[in-house]
Amino acid sequence: MPKFGLTWVPQEARQHIVKSLAPDFLFVSADEFLTSNIKHRCEKRNIEIYVSVLAPVSILKQSKQELSKKAIEEELNNTLKIIEKVILDGADKVVIVEDLGGEDPLRLNPMFVVEELLPLYQILVNRIKSLGLDAIFKSSGDIHEFYPGLSNTGFYGVHIAHESEETTYDLFLKALEEGLIPFGGIISDKLSEEEDTDHACSFLDKLMKLERGDELYLCDDGLLLDESETLRAIEIIKKVK
């Protein structure tokens, strides 16, 4: 059976996970993981914690710093320290977060990704794997052109976020073809009050029929905005699970 989970749930919605759902996994930011007792609470319910760590380029973009080679190398060292810390503290998997689907033309340049970022990710993945865990890659948008490189780099899986069911399904297929385990399937844009949860359940059923479906990780796309959307996602998971 596939595993079912949620990602980066809004704080006000956490109580509903405890009361209404025992997911197989949760995505949690490194900051929250290191400063709260969420690991202890989740261990009691047999919930795996996949800790997300920002990749160096994302950090530089957030702080509006120049994407120079020196700055990237400095952030790489900081990222490695965070990865080592969260693994030491009991993370079950590590999620490397980078926005290759963003608007920055430098980062969208395939040559920049291949020549600069993939070697960077290789260092991160090697360290994660040396400490005994798998690494997941997270980016918004359609980044399937980078799947072969991510697979060769050693990533275990890729978290998919896209507003179109058709494209999401296609990205699941492409990930599996490249040896990457896909995460996702619940599209946040479909979680409004007007949407029928049965339709979302049918889409997950469709994903579950893919070859190697026992290795799917079905969850939201990482864009849950509030308590209402989280409750809808929980309802969908409960119906399918």
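Helix α9 covers residues 165–177, has 13 residues and spans 18 Å from its first C-alpha to its last, close to the 18 Å expected at 1.5 Å a residue. The expected span is 1.5 Å times one less than the number of residues; helices (H or I, at least four residues) and strands (E, at least two) are DSSP runs, numbered from the N terminus. The model is predicted: local features need pLDDT of at least 70, side-chain atom pairs count only at pLDDT 80 or more, and totals for chains, interfaces and linings use all residues. Residues are numbered from 1 along each chain as its sequence is written, and side-chain values use heavy atoms, with hydrogens and water left out.

**Helix α9**

- Glu 165, Thr 168, Leu 171, Phe 172, Ala 175 and Leu 176 are the buried residues of α9; buried means under 20% relative accessible area, exposed over 50%, and partly exposed in between (1.4 Å probe, protein chains only).
- Viewed down the axis of α9, its buried residues fall within an arc of 135 degrees, so they line one face of the helix; the arc is that of the directions from the helix axis to the C-beta atoms.
- The exposed residues Glu 166 and Glu 177 sit on the face of α9 turned away from its buried side.
- The buried residues of α9 pack against α8 (147–153), β6 (157–161), β7 (181–186), α10 (197–208) and β8 (217–220), where contact means heavy atoms within 4.5 Å.
- At the N-terminal end, Ser 164 caps α9, with a side-chain oxygen 3.2 Å from the backbone nitrogen of Glu 166. A polar contact is a pair of N or O atoms within 3.5 Å; within protein, one must be able to donate a hydrogen and the other to accept it, and residues adjacent in sequence count only if both atoms are side-chain atoms.

**Salt bridges**

- Nine salt bridges are found in a search of the whole structure, each defined as a side-chain nitrogen of Lys or Arg within 4 Å of a carboxyl oxygen of Asp or Glu.
- Glu 48 and Lys 3 form one of them, at 3.3 Å from N to O. This pair links distant parts of the chain, with Glu 48 in strand β3 (residues 48–54) and Lys 3 in strand β1 (residues 3–7), 45 residues apart.
- Glu 48 is partly exposed at 24% relative accessibility, and Lys 3 is partly exposed at 28%.
- Asp 24 pairs with Lys 241, the closest N and O atoms being 3.7 Å apart. Asp 24 lies in the loop between α1 (14–20) and β2 (25–29), and Lys 241 in the segment after α11 (227–240), 217 residues apart.
- Asp 24 is partly exposed at 23%, as is Lys 241 at 42%.
- Asp 92 pairs with Lys 39, with 3.2 Å between the closest N and O atoms. Asp 92 is in the loop between α5 (69–88) and β4 (93–97), and Lys 39 in helix α3 (residues 38–44), 53 residues apart.
- Asp 92 is partly exposed at 25%, whereas Lys 39 is buried at 13%. Salt bridges that share partners join Lys 39, Glu 43 and Asp 92 into one network.

**Ile 186**

- Ile 186 lies in strand β7 and is buried, at 3% relative accessibility.
- Not counting residues up to four places away in sequence, Ile 186 touches Leu 191, Leu 204, Cys 219, Asp 220, Asp 221, Ala 233, Ile 236 and Ile 237.
- Ile 186 and His 162 are 24 residues apart in sequence and 9.6 Å apart in space, C-alpha to C-alpha.
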